[in-house]
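Please work through the following exercises with the structure in view, reading each task before its solution.

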Amino acid sequence: MLTQLGVEGRLDLEIVESERYLPRAIREHAMEAGVSGGVSAVYYDNRIYVVSDQMTSEEDVERAVLYQGMGHAALREYMSAMLRPLVGRLYLRLGGDEGVQQMAADMGIQLDAGIQGLDETDRRLYITEELLAKAQAQKSAPSRSIREKLDDAVKTMVGGIRDGLRQMGILNMQVNTADMMFLLKRIRQGFFAGKKHDEMPPPSFLRKGRLRRKEGRQRYVGLFDHKETSSKQRP
């Protein structure tokens, strides 16, 4: 899987039977963070640890590796290369600079001008992700026309990400809006870092509840709709 994601040799993957087999330093951080007993995956020191007794499907494993691997600069850049053209199309569907700025104004959102040093493609990614993130964070939903326009554009992008991951060999992960927002956020965070190499941050934990999905038929999850239909709840 690391080969498919273009980071083999730069990012390691280790499967452990249960949380108790994680390195002591990680277990100590988990206790300090209050997540001990509920860790499903960890990114630490250029290595992803997957806790096998917290995985219930291949989709769980794929999502854990992708999510945690985004802590590494190499995978962020790899995913960014896939997402840039998709964000570019999303940006154009929203009307380019004028459309994005007008939509933000209509929703009462103040967008940053961006940060210096970005090329045009990355600048588009930056302001588009910022619009989506701030729109999602709004306590009150925007007007129906804006909501439908955003959701329609995001739905197209989610489909593009799903197709891209399948081409990489990520076959089981059912991409939704939350996945898209996470990937865009991590790439955008890389802009602020402004560094080519990662420092040694504390462990990044993925709790088991973040992987759990509902069984049964699923539908598209819109930007302003965080529920999924389901026929039964997975225990």
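**Exercise 1.** Determine in which hand helix 3 passes helix 6, and which residues make the contact.

*Solution.* Helix 3 passes helix 6 in a right-handed crossing, the near helix being turned clockwise from the far one by less than a right angle. The model is predicted, with local features needing pLDDT of at least 70 and side-chain atom pairs counting only at pLDDT 80 or more, while totals for chains, interfaces and linings use all residues. Residues are numbered from 1 along each chain as its sequence is written, and side-chain values use heavy atoms, leaving out hydrogens and water. Next, helix 3 (residues 73-93) and helix 6 (residues 144-168) pack at an angle of about 155°, their axes lying 10 Å apart. Helix 3 is therefore roughly antiparallel to helix 6 (an angle over 145 degrees). Finally, the contact (heavy atoms within 4.5 Å) includes Tyr78, Met79 and Met82 of helix 3 and Met157, Ile161 and Leu165 of helix 6.

**Exercise 2.** Find how the axes of helix 3 and helix 5 are arranged.

*Solution.* These axes come within 9 Å and cross at roughly 70°, so that helix 3 is roughly perpendicular to helix 5 (65 to 115 degrees). Among the residues making this contact are Ser80 and Arg84 of helix 3, together with Glu120 and Thr128 of helix 5.

**Exercise 3.** Identify which residues Met79 touches.

*Solution.* Leaving aside residues up to four places away in sequence, Met79 touches Leu66, Met70, Leu165, Met168, Leu183 and Ile187.

Definitions and conventions: Axes are lines fitted to C-alpha atoms, for helices over the stretch in contact, and angles run from 0 to 180 degrees between N-to-C directions. Helices (H or I, at least four residues) and strands (E, at least two) are DSSP runs, numbered from the N terminus. Angles under 35 degrees count as roughly parallel, over 145 as roughly antiparallel, 65 to 115 as roughly perpendicular and the rest as oblique.
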